[in-house]
Amino acid sequence: MEQERKIPAHVAIILDGNGRWAKKRGLPRTMGHTEGCKVVEQTVEDAARLGIRYLTVYAFSTENWKRSEEEVGALMQLFRYYMKRLLKVAVKNNVRVLMIGERSRFAPDIVAGIDALEEQTKQNTGLTFVIAVNYGARDEMRRAVTKIAREVQEGILAPEDISEDVISSHLDTAKIPDPDLLIRTSGELRLSNFLLWQCAYTEFYVTEIYWPDFNKEELLKAIDSYNLRDRRYGGVKK
């Protein structure tokens with residue numbers, strides 16, 4: 001059956017429901033995040049084996065800093081731990097890791113870990129795993145506009161030459177194709193400031209499943225739903 005599926009080149013996922021998963025079980029929210037990290041690892045392996053070329057996950061948004069100091073601190077510790085585990089998963093599965101978002105707000109050791117993870121996997125030729133951390137689409141576009149304005153000011157770029165391609169090339173996702181399929185867990189029907197520019201023609205799939213319960217079967221359900229879509233770009237069938 002899997003051979004008959006058309007596998008989307010780029011799948012993006014909004015990882016939602018960790019806290020609710022934990023609350024439902026009478027556990028602290030941090031346990032939901034811990035379990036969610038394990039599911040990310042497995043999903044990277046599943047995506048790589050299915051032939052997905054790009055997998056982008058929304059791991060930590062610019063808004064997440066507003067959570068309690070305790071929860072943010074626990075998330076940072078998890079991030080430190082799972083960056084090391086992710087390197088092993090990446091090496092095992094020939095995965096290249098990239099991170100998008102504004103990383104300078106993180107502690108120096110986390111920034112160094114991100115840089116090392118990207119550097120040590122840059123030669124891998126399989127799945128490209130993109131992690132959005134301290135990421136917000138509006139902030140991404142603001143930073144892109146700032147860079148473009150600076151290039152215009154310096155005479156590198158003329159205002160009339162600012163095309164959609166130029167804008168795309170200044171985003172965090174430059175050289176990464178737009179998502180074909182966006183999955184959101186926990187049943188929420190919103191983008192939550194995630195890849196607003198890139199998802200202009202992306203197919204959406206929403207599941208009631210909380211992220212820690214997500215698995216290969218749920219991923220295949222999303223892909224099967226994608227296969228039933230009549231893909232159109234501005235009225236043109238794709």
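User: Which residues form one aromatic cluster here?
Analyst: In this predicted model, Phe 60, Trp 65, Phe 79 and Phe 106 do. A search of the whole structure turns up nine aromatic pairs.

User: What makes the pair of Trp 65 and Phe 106 tilted?
Analyst: The planes sit at 45°, and stacked would need under 30 degrees, edge-to-face over 60. The centres are 5.6 Å apart, with pairing set at within 6.5 Å. Trp 65 is in the loop between strand 2 and helix 3, and Phe 106 in the loop between strand 3 and helix 4, 41 residues apart. Both Trp 65 and Phe 106 are buried.

User: Why is the pair of Tyr 135 and Phe 194 called edge-to-face?
Analyst: Their planes are at 85° and the cut-off is over 60 degrees, so the pair is edge-to-face. Tyr 135 lies in strand 4 and Phe 194 in the loop between strand 5 and strand 6, so the pair ties together parts 59 residues apart in sequence.

User: How do you know whether Tyr 135 is buried or exposed?
Analyst: Buried means under 20% relative accessible area; Tyr 135 has 0%, so Tyr 135 is buried. Phe 194 also comes out at 0%, so Phe 194 is buried too.

User: Why are helix 2 and helix 7 called oblique to each other?
Analyst: They pack at about 50°, axes 10 Å apart. Roughly parallel stops under 35 degrees and roughly perpendicular runs from 65 to 115, so helix 2 and helix 7 are oblique. Their crossing is right-handed. Asp 46, Ala 47 and Leu 50 of helix 2 meet Lys 216, Leu 219, Leu 220 and Ile 223 of helix 7: five nonpolar, no polar and two charged residues.

Note on methods: Residues numbered from 1 in each chain as written. Predicted model: local features only at pLDDT ≥ 70, side-chain atom pairs only at ≥ 80, totals over all residues. Heavy atoms only, no water. Axes fitted to C-alpha atoms, helices over the stretch in contact; angles between N-to-C directions. Helix = DSSP H or I, 4+ residues; strand = E, 2+ residues; numbered from the N terminus. Parallel < 35°, antiparallel > 145°, perpendicular 65-115°, else oblique. Left-handed = near helix turned anticlockwise from the far one by under 90°. Contact = heavy atoms within 4.5 Å. Nonpolar A, V, L, I, M, F, W, Y, C, P; charged D, E, K, R; others polar. Phe/Tyr/Trp six-rings, centres within 6.5 Å; stacked < 30°, edge-to-face > 60°. Buried < 20%, exposed > 50% of the residue type's maximum accessible area, 1.4 Å probe, protein only.
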